[in-house]
Amino acid sequence: MRVDDPAAAAASSGIRSGATVVVTGGAGRLGRSVVHALADAGYEVVSIDRVHLEGLPARQFDIDLLDAPTARAAFTEIAPDAVVHLAGIAVPDALPDAQVFDVNTRLAWSVLEASVACSARALLTASSPTVIGYGAPGGWQPAYLPLDEQHPLAPWNGYAVGKVAIEEIIRMAVRRHGERMRFGLFRPCYVIAPEEWAGAATQQGHTIAERLADPSLSAVALFNYVDARDAGDFVRTWLERSASVPNGEVFFVTAPDALVHGRTADSSRPSCRARPMPPARSRAPSPSSRAAMPSSCWAGRPAAAGAPSSQRRAVTASSLHDRPHRRPPPTSRSTPMPELTIPDRVLFFPVTAFDAADRVDAELVEQHVAERVQHRPGAVFAACGTGEFHALSSAEYAVVVEAAVRGANGAVPVLGGCGGPLGHAIECARAAERLGAAGLLVMPPYLVRGPQQGLVDYIERICAATELPLIVYHRGASTFDPAVVRALLRNPQVVGIKDGVGDLALAQQFVREAAQAGRDDVLFFNGLLTAEMTQAAYTAIGVPLYSSATFAMAPDISVAFFEALRSGDLAAQHRLLDGFYTPLIALRDETPGFAVALVKAGVRAGGLPVGPVRAPLTDPTTEQTARLEQLLASGRELI
């Protein structure tokens with residue numbers, strides 16, 4: 001599809017096969033089955049647990065998640081697409097109530113903060129059915145039957161009230177981060193691990209056979225249960241459908257039958273004599289649930305009557321219905337990738353505004369983009385070279401891209417820069433996708449220069465982290481040979497090449513590689529400094545697009561040159577080349593980094609207080625700024 005609505009395109013995808021998923025508590029009773037379900041579906045799984053489990057199909061980390069800085073550092077290193085949080089004290093009476101509450105809620109908060117900090121796209125957190133209050137010492141009866149997620153909460157111990165707090169933490173996260181990230185909650189009913197069907201003790205210490213023989217053991221929880229493997233299937237399906245399920249939705253995850261021989265009413269009477277059960281009554285699901293699914297409960301198929309230990313519980317699609325087939329990894333997609341459409345206009349690279357306290361000024365970034373969009377650029381490339389990508393933290397990057405998307409207001413596509421250290425590049429790619437960017441400009445890796453295959457791997461890793469189309473920057477530590485371009489273009493997610501080297505013969509080979517590969521969708525553009533000086537030559541070899549630093553500070557001059565170029569008005573081109581662009585280059589070359597610093601000074605000269613450049617760049621002197629202002633005035637006289 002064409003990216004006419006970038007925000008909608010970014011929001012339409014779930015977490016697909018091939019993505020990296022962290023599972024906290026991955027060695028636990030439930031965690032093991034979740035890890036296996038995800039690994040079997042093609043996810044790259046990372047288990048974080050204090051226990052190392054042989055044979056677990058995941059990378060395993062022993063990390064104290066209660067140590068928030070350590071958790072954040074680990075998540076940043078792993079750079080997961082999604083996080084499934086299962087870790088915690090699983091049995092109410094394992095420790096004193098206050099300690100259970102403290103540990104479980106602090107774990108949830110730490111994992112939430114780490115997930116947000118590493119720009120994960122989704123977080124699914126385990127809660128518990130105990131939040132509705134069954135098992136209370138003074139007796140309990142449901143407000144209505146059948147139970148659903150809207151049932152009133154009535155926790156009575158530290159474990160259950162901690163789960164209520166965790167659910168509220170996630171709802172808070174939806175309000176705070178819901179535009180950037182997907183959240184979910186699930187309440188797995190009494191979890192039965194695969195080995196427990198064969199006679200191993202359950203978490204309460206008794207066996208399934210003993211639980212069936214003594215209904216009082218199950219009656220307190222209304223005989224609910226779920227096979228851990230079915231819960232794993234639920235987690236997988238939630239990840240696949242996370243973009244279409246209401247953000248923050250909570251699910252009971254349960255088998256549709258009861259863990260009891262005979263009728264539940266007969267078995268429940270001895271345990272419920274003092275508190276008669278209310279009659280069943282119809283209760284409609286919430287509007288948000290109804291929009292996404294026929295029921296917000298997830299149910300596995302029942303086993304044969306009287307023999308719950310004899311069959312594997314397979315999950316039905318009674319809630320997250322019409323689940324898509326798992327998609328292949330990005331390098332072998334069988335479905336068309338989104339197509340990036342950029343009009344034949346000047347490409348705009350906005351500056352990043354900083355306030356007096358050296359913070360990103362989102363309002364000024366938005367204003368800068370909105371004003372320049374009135375001059376009809378082909379696209380906006382936010383937080384790239386001119387936008388001082390090298391000086392932005394991940395959080396600041398997200399602020400810049402979000403402000404640029406708002407400023408463009410759908411008039412033209414907005415692309416975000418990404419690059420540098422691989423983990424940072426992936427964080428930026430995911431953030432840009434969540435914030436409504438239409439694509440990415442992949443800049444060179446940081447410091448090191450790898451072999452050509454390493455460059456391919458670097459770009460493929462970024463492709464695997466996002467569904468956005470990518471334009472790769474041929475420059476610096478990322479200079480490609482034709483064979484690498486040929487390899488990159490086999491991935492339909494790579495839709496463009498920006499040339500920052502200036503070797504026209506090599507650029508021509510890149511154009512021919514695309515033609516021979518049948519890739520008529522590939523966008524080539526000239527990304528040299530002051531590209532106007534070389535654009536006539538690039539146009540001649542089939543590279544019509546170009547970036548214009550001048551557009552950020554003087555869009556009228558930039559557009560005048562573009563129109564002269566497209567109309568073939570050589571006299572107008574030469575006037576501007578000789579009278580404006582050539583002296584601009586001379587001024588730019590006086591100080592390293594002026595390709596950015598001069599542009600920012602020009603924007604300030606135009607009346608927008610976007611602040612200084614950040615180190616290691618330096619601003620022009622007062623005398624240099626005066627010369628720039630005079631040059632801009634002279635350029636306007638030439639048009």
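Colleague: Which residues does Ser 547 touch, not counting residues up to four places away in sequence?

Modeller: Ser 547 touches Leu 347, Phe 349, Lys 498, Phe 525, Asn 526, Gly 527 and Ala 531, where contact means heavy atoms within 4.5 Å. This is a predicted model, in which local features need pLDDT of at least 70 and side-chain atom pairs count only at pLDDT 80 or more, while totals for chains, interfaces and linings use all residues. Residues are numbered from 1 along each chain as its sequence is written, and side-chain values use heavy atoms, with hydrogens and water left out.

Colleague: Why is Ser 547 called buried?

Modeller: Buried means under 20% relative accessible area, exposed over 50%, and partly exposed in between, with a 1.4 Å probe and protein chains only. Ser 547 has a relative accessible area of 9%, so the residue is buried. Its place is in strand β18 (residues 545–548); helices (H or I, at least four residues) and strands (E, at least two) are DSSP runs, numbered from the N terminus.

Colleague: What makes Leu 447 exposed?

Modeller: Leu 447 has a relative accessible area of 70%, and therefore counts as exposed. Leu 447 is found in the loop between β14 (439–442) and α15 (452–465). With Tyr 446 and Val 448, Leu 447 forms a nonpolar surface patch of about 380 Å² of accessible area together. Patches are made of residues with over 30% relative accessible area and no salt bridge, like charges being joined within 9 Å and nonpolar side chains (Val, Leu, Ile, Met, Phe, Trp, Tyr) within 5 Å. Accessible areas come from the Shrake-Rupley method with a 1.4 Å probe, and for residues only the protein chains shown count as cover.

Colleague: What makes the span of helix α13 agree with expectation?

Modeller: The expected span is 1.5 Å times one less than the number of residues. For the 15 residues of α13 (residues 394–408) this gives 21 Å, and the end C-alpha atoms are 21 Å apart, so the two agree. Buried residues of α13 include Tyr 397, Val 400 and Val 401; among the elements that cover the buried residues are α12 (362–373), β13 (414–418) and α14 (422–434).

Colleague: Why are Arg 180 and Glu 402 said to tie together separate parts?

Modeller: The side chains of Arg 180 and Glu 402 meet in a salt bridge at 3.1 Å, N to O; the term requires a side-chain nitrogen of Lys or Arg within 4 Å of a carboxyl oxygen of Asp or Glu. Arg 180 lies in the loop between α5 and β6 (182–188) and Glu 402 in helix α13, so the pair ties together parts that are 222 residues apart in sequence. Arg 180, at 30% relative accessibility, counts as partly exposed, and so does Glu 402 at 22%.

Colleague: How far apart in helix α5 are Arg 171 and Glu 168?

Modeller: Arg 171 and Glu 168 are three residues apart in α5 (residues 158–177), which means a separation of about one helical turn. Their side chains meet in a salt bridge at 2.8 Å, N to O.

Colleague: Why is Asp 227 called buried, and what is Arg 229?

Modeller: Asp 227 has a relative accessible area of 0% and is therefore buried, whereas Arg 229, at 24%, is partly exposed. The two form a salt bridge, the closest N and O atoms being 2.9 Å apart.
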